[in-house]
Amino acid sequence: MNHLFSVIIVLFFSINLFAQIPTNILVQIVKAEDERRWDATLENLLKDKNPKIRERAALAAGRIGNEKALSLLSMVIMEEKSIEVSRMVVFAFGEIESAGASEAVLSWMDNENSPLMAKLLEAAGKIAATNPKHEKTVWLGKAIVDALEKEVLKKMPDRETVLAGLTAVLRARPEGSEPIAAKFLNAKDARIRADALNTLARLRSKIVNEKGRELLAKDKDAVVRANAARILGVGEAKEALDMLLDAATKDADSRVRVSAIRALGSLKEASVAEKLIPNSVNLTDKNELLEIATTLGRLLANSNNEKAIKFLERFRDLDRFESAETEIAYALISPKGYMKAVPNSRNTDKNFWRQLSATSQGFAQFAKLEDKGKSLSATEPPELILSGFLKGALNAEGNLYKAIPDLLTAYSSFKPQDLGELLLRSLNLKDPIVRATVAGIMADQPASKENVEALKKAFTQAILTDKRDNDAQLAILDALFKLDQKEAVGSLLIALNAPDYLVRKKAFQLLRTEGLEKDFPGLPTSLANAIAKKKDQVLPYAPAFGTKLGQILNTNADYLRAVSRKNGTVKAVFTTSKGKFTIDFTPEDAPLTVDNFIKLAKSNYFNGVSVHRVVPNFVMQDGDPRGDGNGGPGWSNRCELNLLPYGRGAVGMALSGKDTGGSQWFVTHAPQPHLDGGYTVFGNVNETEMKIVDTIVRGDKILTVKIVEVTQKIWGKKIKT
């Protein structure tokens, strides 16, 4: 198929898929989002006669997050006849997160029968959470509680409104929120009961222990039982000890078992500890075993419990000493025993860094002891042993540099005399993640001239050398500003000209700190000049910089391809060491995120990558070629926040801040409403194949990823959409 015919086919399908929005308009909107650009283009589209165009433009306003859009959004909703458009305008209010939208949100919440109530509650929660000290925050919180009170009184409460209100409560934490959330524990809808428990657990509530016991014992829904176990742990319900132990060892659902194990750790009742220890250790159960190890460490500190030690020793050996949870637990339970059991031989050279990283986190526990662990060993104290590990990693070749961040963090917790000198040397190391860690540690050291000057020099160097990662640049700016705001200004002004939008964004944020202009009268002019040069926007890719970080990488052809896909027409089939599962993508909701994932998958980017993070009953996360949670493709994507919820099996982009997504993705084990509207949802895994995802543990591998695009017929021929 030649290029021209390909374009014709794409145009044909895009017209069919988005019949109410012309393709060229969709491209304009997605491009504006990609540039984080709010201007006349989107303003005019927000006034368009076509309600679908207005709805899509409102979503763009929320994604871009520019407060300048608020006045027009407020005008639009006053005259809008389309419920869909109005819902999206309110969603945009919440995404912009400005207190300037408070009046509009509160005025619309006065109508208790408003079909927009769910989205209004969501927006109110986000605005209140972001602006806790604003005068309107109390009113937003009161409005959230009042709306939920009215739902309680209804014979048939609105499900969407209740769920949104419960999430708004956990974000805004208004006065009176615990009693109102507790009233939904009797709801007929299992999801409402589960979310009410989730909200109460996050509020650290202790008022529903009795109801929690009832739900743990009798509820048929596994998520409800799991969240009931959480609330009993938070509520320190020792009267539920036997019930939690029973759930931790016998419940049929792993999510319930995991939550019960964690809850037992919170109760701090050592008598149950040995009953948690399994008779055999099998790494197929690694997720639960790690939770058991963590709980044993909390319950049996300094006990030298033989049964626990034998369990940990078996587990560590099978796991090749690579999990921090087992090392921390062993160090807590038997400090002297752990010192004798420190592994002294490497596993495979490729993974030895994991062992060093885990061991360092075990050693860090000794820094909390009064004598810093000096009495634990007849030979060398923990601090010196750590120093030896660190020197070895600093001088080694291969992958050992990946252990340096954890080694440095652990060593610094002992406050050694040579820490300052070591940090200054490490600030010149090649790996940006190491330098980011160093900057974070230096931020907590005295604000000496030597440290400040070293950070300034390191930032200038990082701008020149860091072409794939911006972690060091961002961490150094934060450290500099924390140590000495005035001395940081020079580096921040340099950062305003960085090729990376995220670095410039950080500089704008810090330079706008109240009172800074008193010492630098020319600062407002410098900021205005930077804005005039569009430094507050994402700029087109410039090959001369030698980096793809924080620049517009997509072309019109990329935008056209991305917006032309329809939900249900493309999926990714994963072959893992535990079996196969499929992600069904939602490109209409997150076109560029899906397009980026497809490009990476087709380049075999994900093949052979180990799963680096699993938090049972929360997420399974992958997509990091480094394997330590810090890796990415060398560029970042903007967030494409949308209305899709984080239910079980939702697929989202992992972030370290807004617009920092690259290649790391996650799948949720259970509903996670607190993630809604904060992380891009771009696909889902069905319930049948979630059973495969549930079995995946840290260290399992994604063997291959195959992209499958649905074939449709057009003019009698099969064409891939």
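Is arginine 36 buried or exposed? Arginine 36 is buried, with a relative accessible area of 12%, where buried means under 20% relative accessible area, exposed over 50%, and partly exposed in between (1.4 Å probe, protein chains only). This residue lies in the loop between α2 (23–34) and α3 (40–45), and its phi is near 50°, a positive value in a residue other than glycine.

The model is predicted, so that local features need pLDDT of at least 70 and side-chain atom pairs count only at pLDDT 80 or more, while totals for chains, interfaces and linings use all residues. Residues are numbered from 1 along each chain as its sequence is written, and side-chain values use heavy atoms, with hydrogens and water left out.

**The sheet**

Helices (H or I, at least four residues) and strands (E, at least two) are DSSP runs, numbered from the N terminus, and two strands pair if DSSP finds at least two bridges between them. In these terms 9 strands form an open sheet with antiparallel pairing, in the order β3-β9-β1-β2-β8-β6-β7-β5-β4. Because β3 (609–610) and β4 (613–615) stand at the edges with a single partner strand each, one side of each is left without a neighbour in the sheet. Helix α35 (residues 687–695) packs on the sheet, where it touches β2 (579–585), β5 (619–622) and β7 (665–668), and its direction makes about 125° with that of β2; contact here means heavy atoms within 4.5 Å, and axes are lines fitted to C-alpha atoms, for helices over the stretch in contact, with angles running from 0 to 180 degrees between N-to-C directions.

Within the sheet, β1 (residues 570–576) pairs with β9 (residues 701–709) in the antiparallel sense over 7 bridges, and phenylalanine 574 has valine 705 in β9 as its bridge partner. In the loop between β4 and β5 lies asparagine 617, which has a positive phi of about 70° although it is not a glycine, and which counts as buried at 11% relative accessibility.

**Salt bridges**

Side chains of opposite charge can pair when their charged atoms come close. A salt bridge is defined as a side-chain nitrogen of Lys or Arg within 4 Å of a carboxyl oxygen of Asp or Glu, and the structure holds 51 salt bridges. The table sets out three of these pairs.

| Pair | N to O distance |
|---|---|
| Aspartate 195 and arginine 191 | 2.8 Å |
| Arginine 425 and glutamate 421 | 3.3 Å |
| Aspartate 595 and arginine 561 | 2.9 Å |

Aspartate 195 and arginine 191 both lie in helix α12 (residues 190–202), 4 residues apart, which is about one turn of the helix, and aspartate 195 is buried at 4% relative accessibility. Arginine 425 and glutamate 421 are likewise separated by about one helical turn, because they are 4 residues apart in helix α25 (residues 419–426). Of this pair, arginine 425 is partly exposed, with a relative accessible area of 47%, whereas glutamate 421 is exposed, with 51%.

The salt bridge between aspartate 595 and arginine 561 links distant parts of the chain, with aspartate 595 in helix α34 (residues 591–602) and arginine 561 in helix α33 (residues 556–563), 34 residues apart. Aspartate 595 counts as buried at 1% relative accessibility, while arginine 561 counts as partly exposed at 30%. Salt bridges that share partners join Asp558, Arg561, Arg565, Asp595, Lys599, Lys602 and Glu709 into one network.

**Nonpolar cores**

A nonpolar core is a set of buried Ala, Val, Leu, Ile, Met, Phe, Trp, Tyr and Cys residues joined through side-chain atoms within 4.5 Å. The largest such core has 193 residues, and those with the most contacts inside it are Leu73, Leu244 and Phe311. Apart from that core lies another, of 29 residues, among them Phe581, Phe585, Tyr605 and Val611.

When residues up to four places away in sequence are not counted, leucine 244 touches Leu216, Ala229, Leu232, Ala260, Ala263, Leu264 and Leu267.

**Asparagine 305**

Asparagine 305 lies in the loop between α18 (286–299) and α19 (306–318), and it is buried, with a relative accessible area of 13%. Its side chain makes a polar contact with the side chain of glutamate 274 at 2.9 Å and reaches the backbone nitrogen of lysine 307 at 3.1 Å. A polar contact is a pair of N or O atoms within 3.5 Å; within protein, one must be able to donate a hydrogen and the other to accept it, and residues adjacent in sequence count only if both atoms are side-chain atoms.
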